[in-house]
Amino acid sequence: MCSENFSKLPFPLFLNIHLNSSAGFKPFKLFKLFKLFKLLKPFKPFKPLNPLKPLNPLKPSHPTNTTNMGFFDKFFNREKKEDLDKGLEKTKEGLFGKLGRAIAGKSTVDVEVLDELENILISSDVGLDTAVKIIDRIEARVSRDKYVNTAELNNILRDEIVDLLAENNTADAEDFEIPKGKHPYIMLVIGVNGVGKTTTIGKLAWQLQQRGHKVVLGAADTFRAAAVDQLKIWADRVGCDFYSKGMNADPAAVAFETTQYALEHHCDVAIIDTAGRLHNKSHLMLELGKIHRSIDKKMPGAPHDVLLVLDASTGQNAQEQARQFTEVAPITCLALTKLDGTAKGGVAISISDQFKIPIRYIGVGESIDKLQIFNKKAFVESIFGGKQLG
């Protein structure tokens, strides 16, 4: 009977009673103690918190397993597709609304329809040069097939855009991955103020942290008010390292020391934010070269990527910014933000075609997980998927 009562006690209390009993604990005191415990609710064993479960969803305590996920992997991809479809809804509705009105009452694709299509593509921020390429391709197909009805136009347009973008010889990334053999991987991020540069950095850091990479953010935007504080807030949300020399510090020095920090603290990735440089002020653009050289001095061959962030909602102005930046800085990849808030998503087609620089990331929503890897075919399929003209 006594052994049964002992087995129901919490282990620390049982141990304490056992030790005190051996040292002369009086029986009547032990009896009173058991009587007291009978009045209490049955003891439920303490279940410790799962140490792998993050208390803050923005600070995952373990990397996401991106392999062998089975059903969950399929669900995740479906969720991302839904995010992309929703983000491009305004672009889709704008494009198909115009096309539907242009071919209303027509049965075949003729010169008049193609002229209307060219104007629609240009007004949808696909750009003049890219629009002309697409129309030339469709004209060739109409000539070859002799008869093309308007019901087939959306499929033809989709196929020709996919084929056109495939010719720029830039491979789409499959995931938020870092190049092998580059450790730490150093990324310099540039772009004008207001395009969502700092937000993109924070979301990218979160994605990399989710995959088990140790990330440090370097605050080299030292002149814009609150820029350092904003990046620090993102670092805290993500749960990654942060390096800063405060406001008004030399941006090149910050970039140099962030690279040094990444080396000394065994970081996998260093993402360095820079001041928002107006693309029409050449003397400010020269400073980007100084930053680039300072990073290379500490780690030869770095930065490994120079990411230019563009606001898709500005349409052709985003393409002009891309042209100006590529003339003065070695841009290696692009990020297009705010696609969910604009009908000007066609600018992604124009930029991808004109600059032969891969669009690596797109922003399709405000929440932290709404930064996606850009895939040319998935992007076009999302715009055209399930839509019929007429």
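Predicted model: local features only at pLDDT ≥ 70, side-chain atom pairs only at ≥ 80, totals over all residues.
Where does Asn 248 lie? Asn 248 is in the loop between strand 3 and helix 11 (251-264). Phi of Asn 248 is near 65°, a positive value in a residue other than glycine. Most residues other than glycine have a negative phi, and most peptide bonds are trans. Asn 248 is exposed, with a relative accessible area of 60%.

You will find Asp 125 in the loop between helix 6 (111-123) and helix 7.

Let us turn to the peptide bonds. His 183 and Pro 184 are joined by a cis bond, with omega near -5°, and Pro 184 sits in the loop between helix 8 and strand 1 (185-190). Another cis bond runs from Ala 302 to Pro 303, where omega is about 0°. Pro 303 belongs to the loop between helix 12 (282-298) and strand 5.

Strand 5 (residues 305-311) pairs with strand 6 in the parallel sense, over five bridges, and Leu 307 stands opposite Cys 333 of strand 6. Together with helix 13 (residues 316-328), these two strands make a right-handed β-α-β unit. On to the next neighbour: strand 6 and strand 7 (residues 359-363) run parallel and are joined by three bridges, with Leu 336 having Ile 362 as its bridge partner in strand 7. The chain gets from strand 6 to strand 7 through helix 14 (residues 347-355), and this β-α-β crossover is right-handed too.

How many residues of strand 6 (residues 333-337) are buried? Five of its five are. In a regular strand the side chains alternate between the two faces of the sheet.

Next, the charged pairs. The whole structure holds 23 salt bridges. One of them joins the side chains of Arg 137 and Glu 160, at 3.6 Å from N to O. Because Arg 137 lies in helix 7 (residues 128-145) and Glu 160 in helix 8 (residues 153-166), this pair ties together parts that are 23 residues apart in sequence. Glu 160 is buried, with a relative accessible area of 9%. Both residues belong to a network of salt bridges that also links Arg 141, Arg 158, Asp 159 and Glu 167.

Asp 221 and Lys 197 form another salt bridge, at 3.8 Å from N to O. Asp 221 is in the loop between strand 2 (215-220) and helix 10 (227-238), and Lys 197 is in helix 9 (residues 197-210), 24 residues apart. Asp 221 and Lys 197 are both buried.

Lys 214 and Asp 241 also form a salt bridge, their closest N and O atoms being 3.9 Å apart. Lys 214 is partly exposed, at a relative accessible area of 33%, and Asp 241 is partly exposed at 21%.

Finally, look at helix 5 (residues 89-102) and helix 15 (residues 376-384), which pack at about 60° with their axes 8 Å apart. That angle makes helix 5 oblique to helix 15. Among the residues that meet there are Leu 95 and Phe 96 in helix 5 and Ile 383 and Phe 384 in helix 15.

Note on methods: Residues numbered from 1 in each chain as written. Heavy atoms only, no water. Salt bridge = Lys/Arg side-chain N within 4 Å of Asp/Glu carboxyl O. Helix = DSSP H or I, 4+ residues; strand = E, 2+ residues; numbered from the N terminus. Buried < 20%, exposed > 50% of the residue type's maximum accessible area, 1.4 Å probe, protein only. Pairing = 2+ DSSP bridges. Right-handed = clockwise from strand over helix to strand, strands pointing away. Axes fitted to C-alpha atoms, helices over the stretch in contact; angles between N-to-C directions. Parallel < 35°, antiparallel > 145°, perpendicular 65-115°, else oblique. Contact = heavy atoms within 4.5 Å.
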